[in-house]
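Subject: Structure handover

Hello,

Please find the structure below. My notes on what turned up in it follow.

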Amino acid sequence: MKLRTATVQLACLVWFLLLNSNVAEPTKKPSKGSPGKGPPTQVVEPVCGLICEGGSTQMEFMFTGGSCADSVQSQGDLFLCSEQGIITYPVHVIMKPASKKNKEDNGSSYFDGLVHNQNEILVAGNTDKIAANMEIKIWKENKSKLLQDITFHSSCSKNLFLGDTFGAVKLVGFTNQIQGVVTGCNSTTPIPSPSPSVSPSISLSPVNPKNPSPPTTRRPTRKPTRRPTRNPTAIPSSAPTLSPTLRPTSVPSLNPTSNPTS
């Protein structure tokens with residue numbers, strides 16, 4: 001009897017081991033790697049309007065050739081623009097740190113060269129951080145006449161967005177430690193002027209008098225009555241008169257009939 005019991009226990013143990021050996025181990029979820037601490041390497045064609053979040057070491061501008069009135073920015077009094085003539089190519093463009101307290105900055109220029117055509121890309125800066133304010137002067141080719149003088153806040157501590165337009169230049173890229181290399185927003189589609197003309201540019205077709213468009217508003221209500229209605233009774237009458245009189249009776253009956261008078 002003991003031998004039979006031991007045999008049964010051994011068989012149960014073998015069956016239990018075989019059953020557990022066929023059960024697959026659950027798949028472990030892959031551990032998420034720790035994100036890198038460095039900035040992204042490249043952001044290609046971002047949406048225009050991306051804000052600059054850190055001091056930039058390099059900026060890219062597209063030369064649009066626009067006037068001061070074509071500027072689209074949100075820096076308020078930090079942006080200055082004056083012009084003395086119309087831009088005709090080629091022009092000489094100089095980008096440098098803005099002067100402080102009316103004293104010329106002895107630092108090197110970010111860009112100093114000729115621009116021959118519209119929509120050329122100008123790269124300002126190299127490795128050092130760009131100054132708090134940038135000055136852009138646009139001269140005639142031989143620097144005989146200053147055509148446009150621009151100053152804006154360039155350190156990204158104030159409002160500076162990808163696609164901002166400062167006179168004849170448009171910001172289309174920047175590089176900083178937080179966002180990495182950001183490029184794009186260099187479409188040649190013109191930006192609406194902040195001072196549009198009074199007359200619309202699209203001519204509207206005249207209305208056909210034979211087939212006018214239906215009115216959009218409903219029929220207006222009639223003028224309200226001057227005298228308000230009397231206070232209504234708490235319990236309405238069971239059968240009102242078919243043709244009530246225009247003027248009410250001076251003294252209503254105390255015990256009115258249930259059936260109306262003919």
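Thr 64 counts as buried, because its relative accessibility is 18% (buried means under 20% relative accessible area, exposed over 50%, and partly exposed in between, with a 1.4 Å probe and protein chains only). This is a predicted model, in which local features need pLDDT of at least 70, side-chain atom pairs count only at pLDDT 80 or more, and totals for chains, interfaces and linings use all residues. Residues are numbered from 1 along each chain as its sequence is written, and side-chain values use heavy atoms, with hydrogens and water left out.

Surroundings of Thr 64

Thr 64 sits in the loop that runs between strand S1 (56-63) and strand S2 (80-83). Helices (H or I, at least four residues) and strands (E, at least two) are DSSP runs, numbered from the N terminus. A polar atom of the Thr 64 side chain lies 3.3 Å from the backbone nitrogen of Gly 66. Leaving aside residues up to four places away in sequence, Thr 64 touches Tyr 89, Gln 118, Gly 167, Ala 168, Val 169 and Lys 170 (contact means heavy atoms within 4.5 Å).

Disulfides

How many disulfides does a search of the whole structure find? It finds 3, where a disulfide is a pair of cysteine sulfur atoms within 2.5 Å. With bonded cysteines counted along the chain, the disulfides of the protein chain follow the pattern 1-6, 2-5, 3-4.

Cys 48 is joined to Cys 185, with an S to S distance of 1.9 Å. This pair links distant parts of the chain, 137 residues apart: Cys 48 is in the loop between helix H1 (2-21) and S1, and Cys 185 is in the segment after strand S10 (180-183). The torsion about the S-S bond of Cys 48 and Cys 185 is about 120°, so this disulfide is right-handed. Cys 48 is partly exposed, at a relative accessible area of 47%, whereas Cys 185 is buried, at 5% relative accessibility.

Cys 52 is joined to Cys 156, S to S 2.0 Å. Here too the pair links distant parts of the chain: Cys 52 is in the loop between H1 and S1, and Cys 156, 104 residues apart from it, is in the loop between strand S7 (146-153) and strand S8 (165-166). The S-S torsion of Cys 52 and Cys 156 is about 80°, so this disulfide is right-handed. Cys 52 is buried, with a relative accessible area of 3%, and Cys 156 is buried at 9%.

Cys 68 is joined to Cys 81, S to S 2.0 Å. Cys 68 lies in the loop between S1 and S2 and Cys 81 lies in strand S2, so the link ties together parts that are 13 residues apart in sequence. Is the link of Cys 68 and Cys 81 left-handed or right-handed? It is left-handed, with -75° about the S-S bond. Cys 68 is buried, its relative accessible area being 17%, while Cys 81 is partly exposed at 25%.

Confidence

The protein chain has an average pLDDT of 76, and 55% of the residues score at least 70; pLDDT is the predictor's confidence in each residue, from 0 to 100. Over residues 190-195 pLDDT stays under 50, and the model has 8 contacts for them beyond four places in sequence.

Regards

Key
A polar contact is a pair of N or O atoms within 3.5 Å; within protein, one must be able to donate a hydrogen and the other to accept it, and residues adjacent in sequence count only if both atoms are side-chain atoms.
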